[in-house]
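Here is my note on the salt bridges, point by point. Please read it with the model open.

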Amino acid sequence: MKKISIIGSTGSIGKNSLEVISNNPGKFSVFSLAAKNNVEELINQANCFKPKQVVIYDEAKKAELIKRLKSCEILCGSDGLVKAVTHPEIEQVLLALTGAEGLSPLIAAIRAGKNIALANKEPLVMAGEIIRKLVGEHGVQLIPIDSEHSGIFQCLDGRSSSRVSRIFLTASGGPFLNRNSETFDRITPDEAVQHPRWNMGKKISVDSATLMNKGLEVIEASALFGIGLDQIEVLIHPEAVVHSIVEFEDGSQIAQMSVTDMQLPIQYALSYPKRFKSDKYRLDLSKVGALNFQRVDTQKFPCLALAYRAGRMAGTAPCVLNAANEVCVESFLKGEILFTDIPRSIEAVLASHSSVKHPNLDEIFKADVWARNRTNELIHMKVSV
Ligand code: MG
């Protein structure tokens with residue numbers, strides 16, 4: 001049985017991962033579970049999966065876990081997360097945190113030589129160059145869970161990306177694809193978190209509504225597969241059946257299609273290089289009928305263009321884009337800024353940033369803090385942007 005560490009176990013990907021593990025009895029054992037602050041869910045999961053280690057990121061909640069969970073080691077904070085990805089017995093780490101928080105555990109896991117199933121795209125956006133280099137040095141597998149990237153990974157099927165001429169990432173278009181952009185400043189947080197195709201956490205749902213999620217995914221794909229941004233294109237595909245398309249140098253295109261269920265890319269990342277037999281994920285194209293594709297209107301969804309801009313600036317710019325976006329999404333969800341303030345604020349922060357070329361990790365963390373402070377200043381001082 002493969003011993004797995006699930007980091008971010010109480011979030012949407014974490015819960016789906018545990019379901020995949022339950023659906024494949026005898027194949028996996030859960031060695032560590034880590035969550036940010038959801039004690040109740042974490043205790044339920046620990047009682048069910050009997051891990052050796054349980055980590056709660058929020059140190060204030062450690063005492064409660066110690067009181068209620070007797071049969072495993074209880075850890076907390078960033079140190080706890082690092083232990084939960086580096087223990088010698090762990091064979092694969094599934095990293096499903098949200099946002100920049102995933103960067104340190106990801107680096108620790110790679111340095112410890114662990115194979116990783118990665119759902120958390122932000123670390124690759126922040127520090128793609130460093131992560132690619134470390135993955136090469138330590139000879140670990142970094143297998144994407146993000147559905148589009150899992151699709152690319154499956155289309156490539158071990159082939160070198162030097163034979164690729166273009167990659168197409170698909171986007172369902174989110175909840176506002178057909179909404180008049182003149183009404184975008186009236187979009188409420190409740191409307192923004194209603195995704196038409198995928199059931200996800202709040203942050204990624206807002207990112208999908210602004211299309212920043214797709215922008216982050218473009219940078220993520222470039223970092224994961226070593227492919228230039230100019231070779232990566234985005235297609236709106238409302239049916240969300242085709243997850244991505246790889247075009248090879250002869251013009252032939254291979255697409256990956258499946259039902260919209262995150263458990264499938266999770267299962268593939270855990271079973272790779274094998275595929276598990278399953279009747280659960282059957283796609284009936286006759287029921288889908290037609291597959292539609294269109295280009296993105298970046299006037300309507302400027303976040304996608306901002307991500308390309310930051311990606312081309314390279315260095316610390318993608319990290320700044322990501323940090324500014326995280327702050328903006330949080331403020332939007334709290335009702336402090338408008339939906340349309342998200343791209344406006346990110347653009348202003350990016351414009352005032354001097355990107356550091358080939359940054360080291362310290363420079364990345366510094367750029368992350370700088371961008372968060374700068375974005376908060378813009379938002380809370382109501383500086384006109
Ligand atoms: Mg995705």
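**Notes on the salt bridges**

1. Glutamate 122 is buried, at 6% relative accessibility. Buried means under 20% relative accessible area; exposed is over 50%, and partly exposed lies in between (1.4 Å probe, protein chains only).

2. This is a predicted model: local features need pLDDT of at least 70, side-chain atom pairs count only at pLDDT 80 or more, and totals for chains, interfaces and linings use all residues. Residues are numbered from 1 along each chain as its sequence is written, and side-chain values use heavy atoms, with hydrogens and water left out.

3. Which side chain meets glutamate 122 in a salt bridge? Lysine 203 does, at 3.0 Å, N to O. A salt bridge is a side-chain nitrogen of Lys or Arg within 4 Å of a carboxyl oxygen of Asp or Glu. Lysine 203 sits in helix H9 (residues 202–210) and glutamate 122 in helix H6, so the pair ties together parts 81 residues apart in sequence. Helices (H or I, at least four residues) and strands (E, at least two) are DSSP runs, numbered from the N terminus.

4. Lysine 203 is buried too, with a relative accessible area of 13%. The side chain of lysine 203 also meets that of aspartate 207 in a salt bridge (2.7 Å, N to O). Both lie in helix H9, four residues apart, about one turn of the helix.

5. Now look at glutamate 217 and lysine 121. Their side chains form a salt bridge (3.1 Å, N to O). Glutamate 217 is in helix H10 (residues 212–225); lysine 121 is in the loop between strand E6 (115–118) and helix H6 (122–138), 96 residues apart. Glutamate 217 is buried at 1%, and lysine 121 is buried at 4%.
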